[in-house]
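Welcome, and please open your viewer before reading on.

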Amino acid sequence: MGGTLDGVDKAGVSVADVPERHRYEATLDGQRVGLAAYRLAGGSVVFTHTEVDPSMEGRGVGAALARAALDDVRARGLTAVPRCPFIRGWIERHPDYADLVAGPG
């Protein structure tokens, strides 16, 4: 993993995998505004924690982060284990990502 994913979304949010920190980071105008922490376990990406800067809540940062991270999981042929309540809830609201889930969150 590593590098910028999918470019910039419609809200101007860019998401990149930062494997040395075990997280995906969302940036806007060069500032980190969110992250989704993970650990690798075999062929799965276990999402453990997601946070968005409070000043950015409600602006689509979390959704952009979840979508880009899960798209990366799919592109790499891995599965997701959504232990983080935010990622788990996002997948529940977007059933087209349910096929990525490897096990219970």
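Here a residue is called buried when its relative accessible area is under 20%, exposed when that area is over 50%, and partly exposed in between. Keep in mind as you look around that this is a predicted model.

Select Trp90 and Tyr97. Both Trp90 and Tyr97 are buried.

The charged end of Arg74 sits over the ring of Tyr97, at 5.3 Å from the ring's centre.

**Stop two: the aromatic pairs**

How many aromatic pairs does the count come to? The total is 3 aromatic pairs. For one of them, select Tyr24 and Phe47: the ring centres are 6.2 Å apart and the planes meet at 25°, so this pair is stacked. Planes under 30 degrees apart are what counts as stacked.

Colour the strands next. Tyr24 belongs to strand 3 (residues 23–28) and Phe47 to strand 5 (residues 44–52), so their pairing ties together parts that are 23 residues apart in sequence. Are these two residues buried or exposed? Tyr24 has 0% relative accessibility and therefore counts as buried; Phe47, also at 0%, counts as buried too.

Go back for a moment to Trp90 and Tyr97, which form an edge-to-face aromatic pair, with 5.1 Å from centre to centre and 65° between the planes.

Then show Tyr38 along with Tyr24 and Phe47. Together, Tyr24, Tyr38 and Phe47 make up one aromatic cluster.

**Stop three: Ser44**

Stay with strand 5 and select Ser44, which lies in that strand. Its relative accessibility is 11%, so Ser44 counts as buried. Which residues does Ser44 touch, once its neighbours within four places in sequence are left aside? The answer is Arg39, Thr79, Val81 and Ala102. Look again at Thr79 in that list: a polar contact of 2.6 Å links the side chain of Ser44 to the side chain of Thr79.

**Stop four: Ala80**

Move on to Ala80, which you will find in strand 6 (residues 79–82). Because its relative accessibility is 0%, Ala80 counts as buried. Finally, select Ala41 as well and draw a line between the two C-alpha atoms. Ala80 and Ala41 are 39 residues apart along the chain, and their C-alpha atoms are separated by 9.8 Å.

Conventions
Residues are numbered from 1 along each chain as its sequence is written. This is a predicted model: local features need pLDDT of at least 70, side-chain atom pairs count only at pLDDT 80 or more; totals for chains, interfaces and linings use all residues. Side-chain values use heavy atoms; hydrogens and water are left out. Helices (H or I, at least four residues) and strands (E, at least two) are DSSP runs, numbered from the N terminus. Buried means under 20% relative accessible area, exposed over 50%, partly exposed in between (1.4 Å probe, protein chains only). Rings of Phe, Tyr and Trp (its six-membered ring) pair if their centres lie within 6.5 Å; planes under 30 degrees apart count as stacked, over 60 as edge-to-face and the rest as tilted. A charge sits over a ring if NZ of Lys or CZ of Arg is within 6 Å of the ring centre and within 35 degrees of the ring normal. A polar contact is a pair of N or O atoms within 3.5 Å; within protein, one must be able to donate a hydrogen and the other to accept it, and residues adjacent in sequence count only if both atoms are side-chain atoms. Contact means heavy atoms within 4.5 Å.
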